[in-house]
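Biologist: I am new to this structure and would like to go through a few of its local features with you. Could we have the sequence and the model in view before we start?

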Amino acid sequence: MRRESLLGRLGIGVLILFLLGCLGIMPANAAKDKNTIVLGVCEPLSGVMKDVGDRYLDAVKFAAEKINAKGGVLGKKLVVVAEDSQLKPDVATRKATKLILEDGADFIMTGTGSHISLAMMKVAEQYNKIFLTYGTEAASITGSEFNPFMFRACLNTDQHSAAVVAYFAKHTQFKKFYILCQDYAFGREAAEGFKKKLKSIPGAQLVGEEFHPIGQKDFAPYISKIMASGAEVVLTGNYGPDLDNLIKTGASLGWKCITGNYFLNDAYRMQVVKEAAIGHVTADSYMVTIDTPENKEFVKEWHERNKGRDVGFIWPDLSMGRCYWAIQWLAEVIKKAGSTDAEKIIKAWEGMTYKMPWGQVTMRACDHQMISPGVAAVIEPKSEFFDFPYIGKPFIIPAEEITVPPAETGNPRCK
């Protein structure tokens, strides 16, 4: 009797699943194709930072296209599924959970907002999935807030800030620095990175430090303080309109200092800022001007795919270059692991080296931080890529000059 009842219930269950399938409604993961590897991307696809999220997503898609054209990974096709984080941690948590439970994501990832990474990496740990960030840089992500399911394939704030300051130490005589950053986790940690590196520069003076809300409209009060301080260089991690407004306002008020910043290798920014940014310095791990065969081929292929689109997409600078190469690296990790299983990916990726267009990188085992050279560039009046001022030749900053020793990361696994 019990057996007949159980079989009856199973039969009804199968019938329900069949009917739901006919309607296109399937329970979590039921519709996932075993011949695919799903990349779950969570970016700001609306709001003030939409252009940043759109470009990251485009780079993930292009990387997947190139990998799939060569047969995929382990005989499987990469599929990209995207959600809008709205740049809100609670939203990102819900969307990352949906990507895993409903869309069958094998990996979840983002490049925008360190607070978003901090939320998503907890979801990854909860569901035993790998979280990849190819753009969020707060040092705490691989430091005090680390969990073993996250990997970072971009510079952190300590490395990025160090690359900016190292350029000034090597190529200029400036000594008076002022820090101005956005007032949230990323901005605060970018500032800490600047201060750490300044301590190693003989004669360097920090003449001011201040933080402002994200989306600040009026920079005039900040510019007044900077000019009164006698600063020669403003060190900033600002991105998006905050970077535009800072530089344009400074120029309009007649400041004589330049910025050392994270994100001025951005066509959207330079199309707005234009001549006001000439002579300013930016740094990252990737620049479109890198003169290697690998990068030239990548840039050519990207442009062929995207010519005719708007200025932010036609060349793969800023977020797009490093994001593309992060996905290429991930594909090699999956091949090495022979699986998408989180534990196997962790084992395969820890300590792995990879040749990037800007040099060899290593995934440090203790904190899952990419150890990489930095790349700096100065904004020049003419560019081979755009009809407005843009970055010139790249200056490679050796990895050892920007890498924080493991014991100083705040990660207990690194002591």
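Biologist: In which loop is the place of K274?

Modeller: This is a predicted model, in which local features need pLDDT of at least 70, side-chain atom pairs count only at pLDDT 80 or more, and totals for chains, interfaces and linings use all residues. Residues are numbered from 1 along each chain as its sequence is written, and side-chain values use heavy atoms, with hydrogens and water left out. Helices (H or I, at least four residues) and strands (E, at least two) are DSSP runs numbered from the N terminus. In those terms, K274 sits in the loop between α9 (267-273) and β10 (281-284).

Biologist: Is L318 buried or exposed?

Modeller: L318 lies in the loop between α10 (293-306) and α11 (319-337), and its phi is near 55 degrees, a positive value in a residue other than glycine. Buried means under 20% relative accessible area, exposed over 50%, and partly exposed in between, with a 1.4 Å probe and protein chains only. With a relative accessible area of 4%, L318 is buried.

Biologist: What is the bridge partner of Y354 in β12?

Modeller: Strand β12 (residues 359-363) runs antiparallel to β11, and four bridges join the two. Within β12, the residue bridged to Y354 is V361.

How values were computed:
Two strands pair if DSSP finds at least two bridges between them.
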